[in-house]
Amino acid sequence: MEGKRSNTKPSDLLKKIQEITRSIIEDICRGRSPSLYIDRFRNYCTDATGNCFCSLDLSIGKEVLALQRECHARRLDVLLRVLLIVQQLLQENRHGSKRDIYYMHPSVFQEQSVVDRAINDICILLHCSRHNLNVVSAGKGLVMGWLRFLEAGRKFDCINNLNTAHPVPVHVEEVKDIVSVAHYILVIEKESVFQRLANDQFCNRNRCIIITGRGYPDVPTRRFLRLLIEKLSLPAYCLVDCDPYGFDILTTYRFGSMQMAYDAQFLRVPEIRWLGVFPSDSEKYDLPQQCLLPLTAEDKSKIEAMLPRCYLQREVPHWRLELELLLQRGVKFEIEALSVHSLSFLSAEYIPSKIKGGVHI
Amino acid sequence: MDVSLVHQLCQNLISSAIQRCRMSDHLCRLSVFLKLSPPSDPPLVRISVSDTGVGSCLEEFQCLKYAMDPESAEKWDGVISLTTTGINDSDIYYYHLNLKEIVSTRRLTKLPSSSKNGTTFSGTEVSFSVFGSVDGLLVKLTYFLNKVLILRIPNVAIEMLVEESDDISGSRCKTLVPANDCFPLTSAASNVERLKSGLEDYVFKHGNNLNDICHSCFSSGVHLKVGSGAACTKRRRSTGQVMEAIIIISELSKPTTSSCFRACDVKTEVLYFKDFSPSSISQSSLNGLTSIDWKSYGLILRSIADHDGYALLEWENLPPYAHIDIVMKPEGMQKSHLDRTLIRKAVKLALNDLKEKNTGALLSTNALKICSYAPDLARTIGGLILSSNDLDFQGECLSLLGLQCQEIKGETTEDCIKRKIISAIEMNDRKPQRNREAAPFLFEDDYFQEPDVLDEEYEEDEQAFSSFDL
C-alpha cells in the first residue's frame, strides 16, 4: 500500500533540474522575467460544509515566482541556491542535512525556515519527496521494543536491549528485513514519557514497539512509523498530552503537516488511533485539581483555530468532540499527571487497560 | 518700487501682446523695451511693450485691475499710454488708460489720432513710466520671457532691450533677451514637438539664460532623456481639452561655471502655460502631481513648494548633477475640475514615454530593488549550468545564451546572464502596471498569503480619458 512516486531516481531528478535551468535561460533570453510555477497544496481547509477536496491531495492552484516583487526575487534567489546544492548532492551521490544547507549561505538564508520552504518548493517542482533530493534531517525520533531491522546493511537489534532507546533510522528507504513479534505500536508524544516506560521496563511485559518523535515528529520518524505499519500490519496507538499541542501533534501523525501537504500522502498515518490522554480522563482517573492547569489565552485561540479543520469533521468527528470538550472544560494536563497516584500507574495500569479494553478512538 | 505690481502689469501686457501676435497671419515681433532716464533721484523708467500683431480692440485693457496701495501710487500715476492700429485702419489711435479710475467707463480717454498716410501695417504699443530702481524687475521679466521662449510660438520673435543713458557716454542699449529665431508654422512639427524642442533648448541654455548651448555641460554629446505625453478628454471632442506634458532629465558631469549650477538643482520648477503665457498652477493640478506614484518611477517627491505662484517640486533621491525639467501646457477649454486627472495622466504618459525611450531611466524603486538580486541570481544560474556534469546540457545552455563553448568561464557566463536578467527587469518595469506579466496567484486561504500586497495604482475616471503617446 505504500504510495511510491515515479521518476525519483537521481538521474531523473537531475534531468528535471536541467529543465528548470533551461526554462529560466529561455525566459531571460526572450527578455522575460524568469518564472517558476509552483503547485500549492493544503491538507485541510476550514470549509464547514465538508464539500472540499482536501482529502484528494490535489494541487489547489499555482503560485508564480517571478522577478516582479522583491519578496519573490528573494525567494527565487534562495530557491535556486538550494537547487544548485541539490544538483551537486545528487551528482555526487552524497547526502546533506537541511542544517548543512543553511550553513552554506547563512547570511542569505537568514533562518532555517527559509531553507525549509525552498526545499519544499523544490520537491513540488520536481514531484518528489525530500529524501529523494538527498536532503535529510538530523533525525530526532527514538524507537525501542520488539523490533529488528537492517538499515543500509547495519543491524538494529532492539530486541536484544528491549528497554533501550535507539535512534530512528534517517535513511528510511534503506530499511530492510524488518522482523517483529510485537502486537501493536505505541506512539508517544514526549521523550520523558518514553523514558518513563523504558525505566518501567514496559516492553518486558508488553509485546510492542514504542516510538517517539520528541514533540512534533520529523519526516524520518513519520516515514519509519508508516513503514512499520505497512510491513507489519500492526495497530498503532498514540499517547499525547491533553492540551492543544498534544492534539496538534496527534493530527500531524494522522494527517500530515500543512508545510509538507504536497507530500502528505506519503507521510500521514491514517491508521493511528488516539489512546489518550482525553479531557475526560481527569475525572475518570480522579486527578486532583493541582494537576490541572487552566488553558491560557494562547491555548484557547489555538484550539479555536484547529476546530474548523475540515478533516476533523470529515474523518475523526469523535476527536473533534474531545477537542471541543477540552475547550469547554478550560483545563489541560500532561500525561505525567497520571503518575499522581503512583509512579508506575501509566505503564502498569493506564496503557495496558486501555489497550486491552479497546478504550481508544 | 513695488516690483510685484509692476511686474504683474508687465506680464499681463506681454501676455496680451502674445495673443495679438498669434491672431496675426504674418511674422510678428514683440519687444519689451525699458528706457532708463539720465540718473535722477528717484530714477525714472519708461517701460513699453510693443508688438506687430493685430490691432487691439482695447477690451483686454478694460479689464485690467490693480489694487493700488499708497506706496505704489507715489511711484506710478496709474496711467498707461496706448497706441494701436489695425491692418485695415487708415489711422493710428492714441489713448490714455487711467487705472486709478474706479468707474471703468471713465478709465479710457481717446486722444487725437493720426493718419497712416496710406501705408498698411498693424501693431500696438503700450507704455508707462515708473519711478524707482528696476534691477529686480529686469531679472523677473528676463525669467518670464525665457520661459515664454520654450513655447516656440510660431511666427513670433520676442526680445527685451534696456537703454541706459547718462551724461558722459550718451545712451547705451543692452539686449537682455535677444530676438529669437522665428519658428515658421509648419504642419510637420506638432505642438508637442515644438514644445519638446523648446524645452530642450531651455535646458541646453541653462534656462535660456545663455544665447547658445552651454558647451561645457553639453559638449560631449550629453544626451537628454526626454519624454512627452498628451492626455485629452474623450467626450465632446470638439470642445475637448488636451494637456501636453514634456519631461526632461539631464545628467551633467560636474558643472564648471556658476551659471551651470542651476542645471543641477534638486528642485524642479513646474513650467505651466496658459494661453501661451507662463502661469501659476491651480491647486487641483498640484494635487494631480502629488497623487502620481512617483516611486513607480524611482523618484521620491520630498515636497511641493510655492515660489511666487510657481510650483517647485523637490526631489529626495536625484543623482548628483541631475536635473528634471517639466513643462505642461493645456489647450482648449479650461475645466479646472479636470486638471487633476488630466495633468496626472499627461505627466504619467510623459514619464512612461521617457522610460520607454531610455533604457534604465526612471526604473521604479521596486525594479531597482529587484535588480540588486541579479548578480546573485546570475551566479547561481551560472553555477547550475557550469557545475552540471552533463556536457551536452552545458553546451545547449551556453548556445542559448549566445556564448561560444570556448568562452566557458564563470565570469563570462555570469555577466551574460546578469545583463539579460537586468534587461528583462527593465523591460517589465516599462510596461504599464496593468499589462505586466501574469499576476502572482493569490490564495483565498490565509496560509499562503504574502504580507506585501503589490501596490497597484488604479486610474480614476478611466473611461473619460483616452491617451495617445506622441
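**Overall size.** With 361 residues, a compact globule would come out near 21 Å, and chain A has 22 Å, so the two agree. I then fitted a box along the principal axes, and the C-alpha atoms of chain A fill roughly 75 × 50 × 40 Å.

**Burial and contacts.** Next I checked how much of chain A is buried, and found 42% of its 361 residues in that class. I looked at contacts in chain A between residues at least 6 apart in sequence, and 72% of these join residues at least 24 apart.

**Domains.** For chain A, the domain assignment gives domain 1 as 10-127 and domain 2 as 142-357. I took the C-alpha centres of these two domains of chain A and found them 32 Å apart. Each side of the contact is made of 16 residues, from domain 1 and from domain 2 of chain A. On the domain 1 side, I sorted the residues into eight nonpolar, five polar and three charged.

I counted 15 helices and 15 strands in chain A, and began with strand 6 of chain A, residues 147-151. Which way does strand 6 of chain A run against strand 9 of chain A? The two are antiparallel and joined by four bridges, with strand 9 covering residues 175-180. In that pairing, Leu150(A) has Lys176(A) as its bridge partner. Strand 6 of chain A also pairs with strand 7 of chain A (residues 154-157), again antiparallel and over four bridges. There I found Glu151(A) opposite Arg154(A). Strands 6 and 7 of chain A form a hairpin with two residues between them. I looked into the turn, where Ala152(A) has a positive phi of about 50°.

**The six-stranded sheet.** I traced an open sheet in chain A with strand order 8-5-11-10-12-13 and mixed pairing. Strand 8 (166-167) and strand 13 (273-276) of chain A are at the edges with a single partner strand each, so one side of each has no neighbour in the sheet. What is the sense of pairing between strand 12 and strand 13 of chain A? It is parallel, over three bridges, with strand 12 at residues 236-239. Here Leu239(A) sits opposite Gly276(A).

**Where chain B meets chain A.** I found 39 residues of chain B in contact with 37 residues of chain A. On the chain B side, helix 9 (365-371), helix 10 (374-386), helix 11 (391-400) and helix 12 (410-430) each supply at least two residues. The largest share, eight residues, comes from helix 12 of chain B. By type, the chain B side divides into 22 nonpolar, eight polar and nine charged residues.

**Confidence.** I ended with the scores. The predictor gives the complex an ipTM of 0.83 and a pTM of 0.71. Chain B has a mean pLDDT of 77, with 79% of its residues at 70 or more. Over residues 434-470 of chain B, pLDDT stays under 50, and the model has 56 contacts beyond four places in sequence for that stretch. Where pLDDT is low, predicted coordinates should not be read in detail.

Methods
Residues are numbered from 1 along each chain as its sequence is written. Chains are lettered from A and ligands numbered from 1 in the order in which they are written. This is a predicted model: local features need pLDDT of at least 70, side-chain atom pairs count only at pLDDT 80 or more; totals for chains, interfaces and linings use all residues. Two strands pair if DSSP finds at least two bridges between them. Domain bounds come from an automatic or database domain assignment. Two residues are in contact if their C-beta atoms, placed from the backbone, lie within 7 Å. Ala, Val, Leu, Ile, Met, Phe, Trp, Tyr, Cys and Pro count as nonpolar, Asp, Glu, Lys and Arg as charged, and the others, Gly among them, as polar. The radius of gyration is taken over C-alpha atoms; the globule rule is 2.2 Å times the number of residues to the power 0.38. A residue is buried if 20 or more other C-beta atoms lie within 10 Å of its own, exposed if 12 or fewer, and partly exposed in between; C-beta atoms are placed from the backbone. pLDDT is the predictor's confidence in each residue, from 0 to 100.
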